[in-house]
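Keep the viewer open as you read.

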Amino acid sequence: MENVLNNLPHNLKSVFLNYYASLKSSEPKTNIIYCFDIDLKRNLLGFIFFSETITHNIKFFDDKQQNIFVNFERTALYSFDHNIKRYAHIFWIAFTKNSIISVKNNNKSIKIICNNNVHYTIHTEYLTKIFNAPLRKKITHKLFAFIAQLSFIKNKYENTWIFSDRPDKADDNAEHLYRWVRANIPSQKIFFVIDKNSKDWQRLKKDNFNLINLYSLEYAFAFMHCNWLISSHSFGALNKTGWRMLYADIVNHQFCFLQHGIIKDYMPQIARRNIDLFVTSTVREHESLAKSESYAYCLSEKEVVLTGLPRHDILLKKTESILKEKIIFIMPTWRQYLTDENITFTAQSTEQSFKDSLFYKNWFNILTDKMFLNLLTEYGYSIYFKIHPCFQSYLSDFEFTNCSQINMVFDNQNDTQSIQDILVRSSLLITDYSSIAMDFALLKKPVIYFQFDQEEFFEHHSCKKGYFDYKKDGFGEVATVYSELNALLESYLKNDCQLKEKYKKRIESFFCFFDQNNCQRVYDSIIEFSKPINNKN
């Protein structure tokens with residue numbers, strides 16, 4: 001149950017706890033449905049019903065006993081403990097003001113639980129008050145709410161769109177979409193939020209971005225009044241869940257999750273936040289998030305759209321002006337179980353634990369192996385090596401001062417290299433499980449997966465195996481030991497790193513868009529998702 005709760009948005013946690021408690025009672029579980037959310041922007045009500053089977057016979061009715069159309073629906077399988085598995089059926093129905101709703105299962109009226117209160121009919125005006133009630137009690141919160149609603153503050157940030165990538169770094173989907181909106185929709189008032197101490201602050205300032213310091217009072221006011229919060233990251237300081245609850249009567253923006261990459265593994269934690277618009281890039285990714293009952297995502301086609309990533313537009317465009325070079329880009333992903341807070345308590349033991357890991361031993365041994373380096377020399381190639389930002393504190397362990405063939409790519413104030421430029425310039429990518437392989441494959445260039453720790457990775461990392469099988473669906477060969485990797489690399493270098501026809505076909509069938517119109521599609525989705533949905537009987 002703890003795992004279930006950790007991967008739910010806050011508005012569903014009380015529902016799952018309530019249902020879990022009801023499992024221990026003698027009351028039949030088929031006569032309860034939960035109303036868990038209201039979407040005032042789109043006039044939608046969210047309900048969830050639990051059953052032992054994948055099928056159900058739930059129907060919604062208005063005060064005239066006319067059937068209410070279900071606009072969006074999703075079924076997902078949840079394990080409450082080792083012995084209890086239930087299908088969660090999520091429904092979204094359009095509502096009108098001052099309407100009364102009832103629910104039937106197998107033509108029998110059932111109870112509606114909302115805010116821990118039981119109803120047989122429920123009034124939409126009551127639901128609006130319940131879900132829009134602010135939780136602030138402290139005088140400081142009340143004072144801030146008063147100040148935030150002063151006309152000169154409200155007028156400045158009302159109807160604005162706020163963009164952000166990581167708190168300390170830009171150059172991801174939000175920055176690229178911001179640029180597109182600025183160039184193509186000049187009437188839309190937009191801001192970009194980032195830490196003022198970030199290396200990207202000055203770069204964006206020189207480019208005349210409307211910048212807001214993330215850790216400032218100005219961002220607090222902007223958060224309160226903007227129409228859309230648009231980000232490639234759903235966690236952290238940007239998307240303040242606590243503020244949404246404290247100031248529910250003021251905050252009325254929608255959250256667009258642009259994503260950092262294409263989701264190929266099962267990552268239930270990505271749906272913790274209340275996401276109004278969830279951008280995806282491929283049919284299989286879209287289906288895993290919005291439709292498949294195999295994955296416990298509390299998402300549906302209400303939130304999930306198929307548009308492509310904004311940054312892929314400029315990535316494809318850069319191939320028209322930047323030539324490929326003899327560069328091999330190596331970029332492994334992180335391991336949750338090897339981050340500072342997980343492996344040890346002291347700096348000294350943290351460093352030693354990291355050096356003892358399979359991750360460090362394999363990558364370090366490769367990059368210091370004479371046979372590997374001789375291969376690079378023979379064919380005239382160099383290495384660009386980038387470690388994940390979560391491993392930034394271990395960068396010193398990967399310094400190769402005596403090797404001119406290896407170039408370290410850092411995330412620090414002194415590094416100005418764009419990852420996109422490196423991808424376009426590179427001839428071949430070596431990674432393990434990173435979604436950066438998706439970006440590289442989009443350019444129709446070869447990938448080698450080096451997966452020396454498959455069992456350990458999927459057992460202890462933050463994701464589990466999903467729809468994507470690296471051997472059946474991957475865009476290159478999978479090596480599990482160094483000798484395989486070296487042989488594959490030599491084979492590619494001999495053939496000038498040409499993409500094999502087998503993998504070219506996989507790439508063309510996997511991706512939906514190569515047209516550089518992803519930003520346009522995302523923008524169109526934002527506009528569409530800003531409109532209310534009419535009730536259908």
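Two strands count as paired here if DSSP finds at least two bridges between them. Keep in mind, too, that this is a predicted model.

With that in hand, take the open sheet of seven strands: its order is S14-S13-S12-S15-S16-S17-S18, and the pairing is parallel. Strands S14 (211–213) and S18 (304–306) sit at the edges with a single partner strand each, so one side of each has no neighbour in the sheet. Going from one strand to the next, the twist averages 25 degrees.

Now zoom in on the pairing of S12 with S15. Residues 161–164 make up S12 and residues 228–231 make up S15; the two run parallel and are joined by four bridges. Look for Ser164, which stands opposite Ser231 in S15. Helix H6 (residues 173–184) packs on this sheet, where it touches S12, S13 (190–194) and S15, and its direction makes about 160 degrees with that of S13. Helix H7 (residues 199–206) packs on the sheet as well, touching S13 and S14, with its direction at about 155 degrees to that of S14.

Next comes an open sheet of six strands, again with parallel pairing, in the order S21-S20-S19-S22-S23-S24. Its edges are S21 (406–409) and S24 (478–479); each has a single partner strand, so one side of each is left without a neighbour in the sheet. Strand S19 (residues 327–330) pairs with S20 (residues 382–386) in the parallel sense over four bridges, and Ile328 has Ile383 as its bridge partner in S20. Helix H14 (residues 358–367) packs on the sheet and touches S19, S20, S21, S22 (428–431) and S23 (447–450), its direction making about 130 degrees with that of S23. Helix H20 (residues 482–494) packs there too, touching S19, S22, S23 and S24, and its direction makes about 170 degrees with that of S23.

Zooming out, the protein chain has 22 helices and 24 strands.

Methods:
Residues are numbered from 1 along each chain as its sequence is written. This is a predicted model: local features need pLDDT of at least 70, side-chain atom pairs count only at pLDDT 80 or more; totals for chains, interfaces and linings use all residues. Side-chain values use heavy atoms; hydrogens and water are left out. Axes are lines fitted to C-alpha atoms, for helices over the stretch in contact, and angles run from 0 to 180 degrees between N-to-C directions. Contact means heavy atoms within 4.5 Å.
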